[in-house]
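Please walk through the model below.

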Amino acid sequence: MDLIIVESPSKAKTISKYLKGKYRVDASGGHIRDLPQKTLGVSVSKNYEPRYVVSPGKEETIERLMNEAKNADKIYLATDPDREGEAISWHLQTVLGMDEDGENRIEFNEISPKAVERALKRPRKINYNLVDAQQARRVLDRLVGYKLSPLLNNKLQSGLSAGRVQSVALRLVVEREREIQAFVPEEYWTIAAELQDKAGKFSPFKAALEKYEGKKLRITNKEDADAAVNALKAGEYTVHAIKKTITKSHAPAPFTTSTLQQDASNKYGMTAPETMLMAQHLYEGIDVENEGHRAFVTYIRTDSTRVSEDAQTAALEYIGERFGKEYCPEKPNVYVSKKGAQDAHEAIRPIDVTLTPERAKKMLDKKHFNVYKLIYERFIASQMAEAQYDSMQIEIENGNYGLKASGKTLRFAGFTAIYQESKKEDEEEGTGKLLPALEEGDKLDEKSLKAEQKFTKPPVRYTDASLVKAMEDKGIGRPSTYASIISVLNKRKYVEKDGKYMLPTEIAYRITDMLVKYFTDIMDVGFTASMEEKLDDIEDGGTDWHALIADFYPPFEEKLRFASGDGDELTDILCEKCGKPMIRKNGRYGTYLACSGYPACSNIVSEGEAEISDTACPKCGAPMIVKSGKFGKFLACPNYPDCKATLPYGVKTEEIFEGTCPECGKPAKRLKTRTGKIYYGCSGYPECKFMSWDIPTGEKCPDCGSAMIKTPKGVIKCSNRDCSYKAPVPPQGSQDAEND
């Protein structure tokens, strides 16, 4: 008999039922191997290779699976369809001694008889790019967590932890709270008039004061508010313009992991970990009375909004039967996943559209039902026609003042017949409000006029829903990590709840401040997001995962030395340019202070006799030293003799022209990126957009026609990496050689 291995016993039970005893189905219970718990488990000196050990408590599982594997005709590895699932299959393949090139991996987006049978007909090899991406993330997180956590325990208090993504998420919460604390409310006033037509045929309606002399009006004090009220009372209200339109609202996309967590939080107050637990059960399968074990929804860790054609067809048939053909869109709705989404599998949807929430309610407890109902109704709504509204705006004039009344009523329910999106706090008012059928030029009576003092509100604290959205928007973490990050923040008591809102605890401020002080890049949102993109590059097969770690770890280790007090002296002096602490260093020209935020901030302050200029070295980016020579003052790099660059005194880097644009022949201009890296761009920008990391010579390669460049070592070669052409080396003693 063939053997199928999955992660969870619940999933195994569901699949076993569907296959009706034709296969032996067993579960690994997640990872059977991992990095050791009490040691680093990463060999930094041996290309950052991980050292895997049997996960605690998995000895019996491995023994059982090995015995089953010996008696199996064929083994299928059916773990989840993502990086983590691929890594679990790889570990199983390794431990069970299976052929590493064997086609024994199967995957399915939903646990249904049809999907499982289809997967068994299409086994494939392990995708080692996915495995490498998972290994890179695991090693990165282990290096950061195991190095930063002891530092926090030594410097702050015991029992603390840090994480590559977790700590950045905590920074978001802390910085939001500081924004709230620093917020200074600003006074403003709103003025609303209750108006009615002269004949009294229509009910009174409200109009808000918006303009003065045709421009947007903002009233910030009582005196101006009183002046506006008095002017309105003395004047006459006239209908200036009426605009009637039919507005449409498109159906929302089916759920991703992030949007499911947000909706469950907004509508049911469920935490992200709680939502994912319920969704996991619905995906793997739940015991149903008189029916056995059955799964309800597709795979629940996804950032894709794509759905299969079969699922879309089934949804449209159901919509037509239940609501009528007019509720089906003219063309099926197609949703484009956001940039960078892992689009290998579908959005979250019900497996069977005939299993309506009404039927499912008898099978599920309240929390499982709430999550299923959300998933079901959102998916059906995503395939429905647009909602339509009769919208009306009335513009009213009174002297120099302009008022506006808005209202809209539902014309055609469309997708709202089954699903209502969560209302936002700043959502436009007026939905469901019918305005009177007035005509332009009509005079109006004022029934009442009210001026109300208000104050601007501080930013809203994060909830589970809004923090998940922020992490997704900023590219921090992945769908599989959102819930676990929030769970850690709560479990470690780095945040506490005030209703549904997150408040950072006192230790959260201290952790964030210390990590930001010493580890600027790791705590930077942009850096963390770029790391996620690099992990994606590994998955796509374009990057060696060891190289990613090798680029990251040495600078990280250097910062650890500073933070531990073992490197150059980290002072209490703050950089005047960016506010980060300065490091005291010893250079050729004496002691100086360098910003710890380098290279993003390259500020240097002299503590000796040398004068520090505002000009960055064109070769290494360090602030240049003012020196006196035979012909007067000049600028020299402080990193001499490693860097021998010099410049005329008084010249700034951004004013230096070096090289020639090969496209238009104009001088090339030396420029800097936001991180201080030097590059060269055509001085004719924006008409000419040529750019290069190296100095352009103005010539074209005789072999391929690409631009010729001069490297920092003076080599003149083709800029095309696929072309090996290099210019002949100039004779010893030539002008070029002297310049080099």
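A residue is called buried under 20% relative accessible area, exposed over 50% and partly exposed in between, using a 1.4 Å probe and protein chains only. This is a predicted model, in which local features need pLDDT of at least 70 and side-chain atom pairs count only at pLDDT 80 or more, while totals for chains, interfaces and linings use all residues. Residues are numbered from 1 along each chain as its sequence is written, and side-chain values use heavy atoms, with hydrogens and water left out.

Helices (H or I, at least four residues) and strands (E, at least two) are DSSP runs, numbered from the N terminus. Asn 290 sits in the loop between β12 (286-288) and β13 (292-294). Its phi is near 65 degrees, a positive value in a residue other than glycine. With a relative accessible area of 80%, Asn 290 is exposed. Tyr 48, in the loop between β4 (42-43) and β5 (49-50), also is not a glycine and has a positive phi of about 60 degrees. Tyr 48, however, is buried, at a relative accessible area of 8%.

Gln 93 belongs to helix α3 (residues 83-95). Is this residue buried or exposed? Gln 93 is buried, because its relative accessible area is 2%. Its side chain makes a polar contact with the side chain of Tyr 128 at 3.0 Å. Such a contact is a pair of N or O atoms within 3.5 Å; within protein, one must be able to donate a hydrogen and the other to accept it, and residues adjacent in sequence count only if both atoms are side-chain atoms. Beyond four places in sequence, the residues in contact (heavy atoms within 4.5 Å) with Gln 93 include Leu 77, Met 98, Asn 104 and Ile 126.

Helix α1 (residues 9-19) and helix α4 (residues 113-120) pack at about 85 degrees, with axes 10 Å apart. Axes are lines fitted to C-alpha atoms, for helices over the stretch in contact, and angles run from 0 to 180 degrees between N-to-C directions. The two helices, α1 and α4, are therefore roughly perpendicular, a label for angles of 65 to 115 degrees. Ile 15, Tyr 18 and Leu 19 of α1 meet Pro 113, Val 116, Glu 117 and Leu 120 of α4.

In helix α6 (residues 166-182), 12 of the 17 residues are buried, so the helix is largely enclosed by the rest of the structure. Among these buried residues are Val 168, Leu 172, Arg 176 and Ile 180. The buried residues of α6 pack against elements including α13 (464-474), β17 (495-498) and α16 (525-539).

Technical notes: Angles under 35 degrees count as roughly parallel, over 145 as roughly antiparallel, 65 to 115 as roughly perpendicular and the rest as oblique. The expected span of a helix is 1.5 Å times one less than its number of residues.
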